Amino acid sequence: MRRSVVTGVGVVAPGGGSREEFWARIVDGKPAIRRVSTFDPTAYRSQIAAECDFDPARYGLTPQEIRRMDRFVQMAIASADEAVADSGLELGRVDTDRLGVCLGSAVGATITLEDEYVVASNHGRDWVTDHRHTMPFLYQSLVPSSAATELAVRYGAHGPAALVSTGCTSGIDSIGHAHSLIQDGEADIVIAGASDAPISPITVACFDAIRATSPRNDEPDQASRPFDAGRQGFVLGEGSAILVIEELEHALARGARVYCEVAGYAARANGFHMTGLRPDGFELGEAIMEAMDRARLNPDDLGYISAHGSGTKQNDRHETAAYKRALGEAARQVPISSIKSVIGHSLGAIGSIEMAACALVVSRGVIPPTANLTTPDPDCDLDYTPLVAREAEVDHALSAGSGFGGFQSAMVFSKPSEVS
Amino acid sequence: MSRRAAITGIGVVAPTGIGIAEHWENTLAGTCRIGPITTFDTSGLPVSLGGEVPGFDESEFVPSKLLVQTDRWTWMALAATRLALDDAALDPDREYPFGLSVVTASASGGNAFGQREIQALWRDSPRAVSAYQSIGWFYAASSGQISIRHQLKGACSVLVADSAGGIEAVAQAKRLIRRGTGAVVAGGTEAPLSPYALVCQSSQDTLSRSTDPATAYRPFAPDAGGYVPGEGGAIVVVEEWARAHSRGVPQVYAEIAGTASTHDAHHPTEPPADHRQLARAMREAVDRAGCSPGDVDVVFADGSGDVTLDRHEAAAIREVFGGRRVPVTVPKTMTGRLYSGGAALDLAWAALALTHGVIPPSVNLDAAGGGHGLDLVTEAREAPHLRTALVVARGTGGFNSAAVLRSPRHQAA
């Protein structure tokens with residue numbers, strides 16, 4: 001079967017508007033979380049978020065593009081530009097019929113849809129909304145596949161294109177989808193990853209309603225504390241990561257620098273509850289075991305796990321149980337961390353940002369810490385790498401994701417020296 | 001590839017009917033279900049026509065507890081799923097749950113549900129937003145609910161590619177079957193006929209402004225004036241070929257013999273300059289099906305209703321099929337364009353056509369096809385030797401997808 005590797009990485013994250021700034025931030029373990037600045041959050045239970053200081057003009061987007069594109073599309077473009085540049089691909093010399101796009105997003109253009117709704121409905125007064133005051137191209141925000149189109153047009157990618165929207169596993173699943181397209185010979189290169197910009201009133205309110213997000217409004221930098229006994233929920237974030245996923249021989253033939261191989265991917269659904277998780281982590285464990293099988297690894301081959309680690313009690317225990325079930329004793333040896341402690345939970349985007357982190361962990365030999373993990377939850381009794389980064393040779397990194405709808409996904413990135 | 005994908009069950013919830021019997025009967029009669037939108041007052045909008053699903057009673061299919069958590073689009077997906085599973089005589093309770101998956105396409109998510117909650121926020125207060133907003137509106141809601149309801153615990157997915165999404169879902173089902181999954185519930189539905197969703201759609205000038213149901217959506221006509229949106233869609237059961245036969249399925253409608261996707265990558269909002277990528281999607285789907293264009297007996301066209309896009313599609317068909325005038329049909333002229341539900345419904349139509357040996361008609365068109373040189377099927381046409389169908393779908397922005405379905409009567413199991 002054809003194999004796929006990562007040859008480019010681009011990131012826009014809170015506290016880090018580029019791959020290198022992002023990497024420095026998560027290694028430093030310094031949370032990029034603050035009071036919501038894009039609207040007045042006073043009326044909300046959770047008033048904090050991991051925001052990006054994102055200026056699309058700085059990334060070369062034109063005024064027309066900025067006007068046309070929702071923030072999640074702008075972030076996707078910014079990180080994709082970085083990834084494509086990083087890959088060294090000369091787009092003029094690749095067969096663009098074999099170049100695909102697979103973008104993930106959980107909630108798409110909610111900011112634009114909400115802003116325009118407020119106008120069309122006269123501040124919510126009218127059920128039958130008025131089209132006469134809304135923006136042109138609003139359809140592009142209704143249907144988020146327009147973001148995949150923007151990427152395809154930008155890079156002249158004539159291969160398969162789609163948006164994957166499996167809630168909070170969209171980021172892993174978009175890369176998994178790209179991996180499948182390459183394995184099956186449907187494409188040679190896929191620009192893959194995910195973007196979400198969900199910090200808007202309706203999204204903040206919907207997580208308030210189920211008390212999923214942290215109300216620790218007075219201490220934003222301490223609010224995201226996965227696996228810590230003092231956690232009170234996740235902190236909403238935003239951002240994007242795009243990876244260039246390339247068929248191995250194609251990458252070798254052009255002498256590309258290879259970060260890692262996409263060694264294994266698997267997804268399962270818990271068939272249990274849209275938001276609830278079974279404490280035994282059974283299905284996430286199944287996904288992990290299947291991803292490990294596909295990568296032909298034993299549990300003790302793993303050098304790092306990028307946890308879903310959202311910082312809800314339910315998730316952290318579910319996930320701890322899944323690692324124990326899937327990896328046995330090795331679960332106690334392998335360093336695990338959650339970068340959501342630093343950059344929050346950007347819904348669909350975060351899975352791809354965590355895969356970007358795994359690509360960098362494998363290539364650079366440093367494990368980023370879990371910030372704010374000062375008093376571990378006794379039920380989360382694995383090595384969650386508290387507070388301080390570690391140097392470690394990591395041949396294989398696993399990332400796990402879990403989301404609303406019951407989706408459970410796992411992916412393994414392996415060092416290129418292990419590739420051949 | 002040794003593991004082949006077969007369609008063993010079909011569930012339709014569409015303007016043409018609920019369930020395949022009603023749907024097929026109305027199809028053969030050429031019943032056009034495009035009409036004035038009845039669920040709210042459209043008099044202030046530039047768009048007033050839609051394809052509604054008449055007589056859809058969600059409570060027949062969805063328990064009341066679940067109704068309040070979900071949008072109409074998910075109700076239709078749950079209903080179509082149940083119909084498809086029943087049709088395939090597939091009882092997930094008797095199956096290994098990790099061997100079953102669901103893949104749906106969604107273009108716009110839970111429109112009416114989301115509008116109600118966002119109205120509550122802006123009219124009342126953030127605290128008026130329902131606890132179910134976080135699970136009712138987002139694009140993954142239907143796949144999630146179907147997975148939970150029927151215990152489909154394998155790799156599940158949600159694909160967004162505008163109106164090409166239905167083919168993308170089935171293509172993904174085929175990939176999963178190849179990797180070892182036993183059966184996949186796949187397809188798409190859409191519920192775009194709510195006020196704010198319609199405002200968003202009306203920003204496209206390709207949405208028909210006509211008020212006459214008989215002329216509003218006339219793909220390939222020289223005076224085509226855009227498309228009419230519709231609701232509903234179809235879900236099919238895609239099952240591994242040998243497994244389907246060994247469990248004695250009631251029927252195999254068709255093999256999903258090949259799929260392919262391309263993108264025009266031309267302009268985010270303008271039509272492409274030519275039909276090159278659309279033709280390539282068709283050719284690659286045919287190639288991957290292991291056949292040649294000469295084997296294709298019927299084309300279910302995308303039929304956008306936009307003069308430029310229609311011209312491209314006709315040119316692509318002429319290019320792929322050379323001098324041969326293959327029968328072309330656009331049965332969605334009866335329903336309007338259902339976005340994610342549209343290509344899924346076309347796949348259902350194609351599978352039923354192969355089974356019954358009848359090509360469904362395009363309505364409101366003349367056979368001359370507006371001078372495009374196509375053999376447009378404008379009345380149900382008997383075709384007893386129908387063996388291979390090509391289904392074409394495009395999504396706004398430049399998505400091109402194609403799928404080849406092949407009748408099981410003409411191949412060894």
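Mentor: Start with one pair of residues: B:Val298 stands opposite B:Ala389 in E15(B). Keep in mind throughout that this is a predicted model.

Trainee: Which strand pairs with E15(B) there, and in which sense, parallel or antiparallel?

Mentor: The partner is strand E10 of chain B, residues 298-300, and the pairing with E15(B) is parallel, over three bridges.

Trainee: And how many bridges join E15(B) to strand E16 of chain B?

Mentor: Eight, and E15(B) and E16(B), residues 399-406, run antiparallel. To find the pairing on screen, look for B:Thr388, whose bridge partner in E16(B) is B:Arg406.

Trainee: What about the hairpin of E15(B) and E16(B), how many residues sit between the strands?

Mentor: Three, and B:Gly397 in that hairpin takes a positive phi near 105°.

Trainee: Why is E15(B) described as largely enclosed by the rest of the structure?

Mentor: Eight of the eight residues of E15(B), which spans 388-395, are buried, so the strand is largely enclosed by the rest of the structure. Buried here means that 20 or more other C-beta atoms lie within 10 Å of a residue's own.

Trainee: Which residues of E15(B) point which way?

Mentor: B:Thr388, B:Leu390, B:Val392 and B:Arg394 point one way, and B:Ala389, B:Val391, B:Ala393 and B:Gly395 point the other way. Both sets are buried, B:Arg394 included.

Trainee: Which strands pair with E14(A)?

Mentor: Strand E8 of chain A, residues 260-269, is joined to E14(A) by eight bridges and runs antiparallel to it. There A:Glu261 has A:Ser414 as its bridge partner. Strand E13 of chain A, residues 396-402, also pairs with E14(A) in the antiparallel sense, over seven bridges. In that pairing A:Leu398 stands opposite A:Val412.

Trainee: Which residue has a positive phi in the hairpin of E13(A) and E14(A)?

Mentor: A:Gly405, near 100°, in a hairpin with four residues between the strands.

Trainee: Change of topic. How is chain A divided into domains?

Mentor: The assignment gives domain 1 as 4-253 and domain 2 as 265-410. Their centres, taken over C-alpha atoms, are separated by 21 Å. The contact takes 60 residues from domain 1 of chain A and 55 residues from domain 2 of chain A.

Trainee: Which element gives the most to the domain 1 side of that contact?

Mentor: H7(A), with eight residues. By class, the residues on that side of domain 1 of chain A divide into 30 nonpolar, 22 polar and eight charged.

Trainee: What does H7(A) pack against?

Mentor: One partner is helix H13 of chain A, residues 348-364. H7(A), residues 170-183, packs with H13(A) at an angle of about 65°, with the axes 5 Å apart. Among the residues that meet are A:Ser170, A:Gly171 and A:Ile172 in H7(A) and A:Gly348, A:Ala349 and A:Ile350 in H13(A). That contact has six nonpolar, six polar and no charged residues.

Trainee: Which strand of chain A pairs with E6(B)?

Mentor: Strand E5 of chain A, residues 161-164, pairs with E6(B) in the antiparallel sense over two bridges. A:Val164 stands opposite B:Leu159 in E6(B).

Definitions and conventions. Residues are numbered from 1 along each chain as its sequence is written. Chains are lettered from A and ligands numbered from 1 in the order in which they are written. This is a predicted model: local features need pLDDT of at least 70, side-chain atom pairs count only at pLDDT 80 or more; totals for chains, interfaces and linings use all residues. Axes are lines fitted to C-alpha atoms, for helices over the stretch in contact, and angles run from 0 to 180 degrees between N-to-C directions. Two residues are in contact if their C-beta atoms, placed from the backbone, lie within 7 Å. Ala, Val, Leu, Ile, Met, Phe, Trp, Tyr, Cys and Pro count as nonpolar, Asp, Glu, Lys and Arg as charged, and the others, Gly among them, as polar. A residue is buried if 20 or more other C-beta atoms lie within 10 Å of its own, exposed if 12 or fewer, and partly exposed in between; C-beta atoms are placed from the backbone. Two strands pair if DSSP finds at least two bridges between them. Domain bounds come from an automatic or database domain assignment.
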